[in-house]
Amino acid sequence: MQLIQGDLFKDFPTLRFVIPHGGRAVPFHWGRYRGLAQEMKKPLLTDHLLKNVFFDTCVYHSAGRELMAKVIPVDNILFASEMLGAVKGNRSRNCHHYDDTKRYIDQIDALDETSRYKIFEGNARRVYPRLDARLKERGKPGRVAWDDEQAGGSIVSSS
């Protein structure tokens, strides 16, 4: 709400936030945020926030992952895993680790190959331009050419 109410990104256009765990409650309250922004005469969330705010994929419940993929634009989702971090152990039915979030993203039927590329690699290259530069130096150019001006800036990772 503070990001919606303020104009932080007007003053700091290259500042970026990565909100972990699928944005926590953000996907559940997206309509509320959109409505409150409209009431405050703020720009659309896509214009006001989503050039600077991103969400990671550390979500361990299929309904939560599906909601994140439906609500959050694919350009704002970054792959993340805590292998083996917060949730140690295996899912009893299939012996896969809870923290194996790649499997979870692969299981979202609504995502096409381009969307998966963005989540697994392309978005990280855009949000973390120094990573992209290092990968290019090592002969890994990536599949998507991102706008260099859009790629610059600071990263703030929240946990």
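Contact here means heavy atoms within 4.5 Å. With that in hand, let's work through some exercises on this predicted model.

**Exercise 1.** Find which residues of H7 meet which residues of H8, and work out how the two helices are oriented.

*Solution.* Start with the residue lists. On the H7 side, Ala124, Arg125, Arg126 and Val127 take part, and they meet Pro129, Leu131, Asp132, Leu135 and Lys136 of H8. Next, sort these residues by class: the contact has 5 nonpolar and 4 charged residues, and no polar ones. Now turn to the geometry. The axes of H7 (residues 113-127) and H8 (residues 129-137) come within 5 Å and cross at roughly 115°. Angles of 65 to 115 degrees count as roughly perpendicular. H7 and H8 are therefore roughly perpendicular to each other.

**Exercise 2.** Identify the buried residues of H5, and decide how they are arranged around the helix axis.

*Solution.* First, pick out the buried residues of H5: Gly64, Arg65 and Met68. Then look down the axis of H5: these buried residues fall within an arc of 100°, so they line one face of the helix. Finally, ask what lies over the buried residues of H5; the cover includes strand E2 (53-56), E3 and helix H6 (101-106).

**Exercise 3.** Locate Asn76, decide whether Asn76 is buried or exposed, and list the backbone oxygens that its side chain reaches.

*Solution.* Asn76 sits in the loop that links helix H5 (62-71) to strand E3 (77-78). Its relative accessible area is 5%, and buried means under 20%, so Asn76 is buried. Now check the side chain's polar partners. One polar atom of the Asn76 side chain lies 2.6 Å from the backbone oxygen of Leu50. The side chain of Asn76 also reaches the backbone oxygen of Val53, at 2.7 Å. Setting aside neighbours within four places in sequence, Asn76 is in contact with Leu50, Val53, Phe54, Phe55 and Asn123.

Note on methods: Residues are numbered from 1 along each chain as its sequence is written. This is a predicted model: local features need pLDDT of at least 70, side-chain atom pairs count only at pLDDT 80 or more; totals for chains, interfaces and linings use all residues. Side-chain values use heavy atoms; hydrogens and water are left out. Helices (H or I, at least four residues) and strands (E, at least two) are DSSP runs, numbered from the N terminus. Buried means under 20% relative accessible area, exposed over 50%, partly exposed in between (1.4 Å probe, protein chains only). A polar contact is a pair of N or O atoms within 3.5 Å; within protein, one must be able to donate a hydrogen and the other to accept it, and residues adjacent in sequence count only if both atoms are side-chain atoms. The arc is that of the directions from the helix axis to the C-beta atoms. Axes are lines fitted to C-alpha atoms, for helices over the stretch in contact, and angles run from 0 to 180 degrees between N-to-C directions. Angles under 35 degrees count as roughly parallel, over 145 as roughly antiparallel, 65 to 115 as roughly perpendicular and the rest as oblique. Ala, Val, Leu, Ile, Met, Phe, Trp, Tyr, Cys and Pro count as nonpolar, Asp, Glu, Lys and Arg as charged, and the others, Gly among them, as polar.
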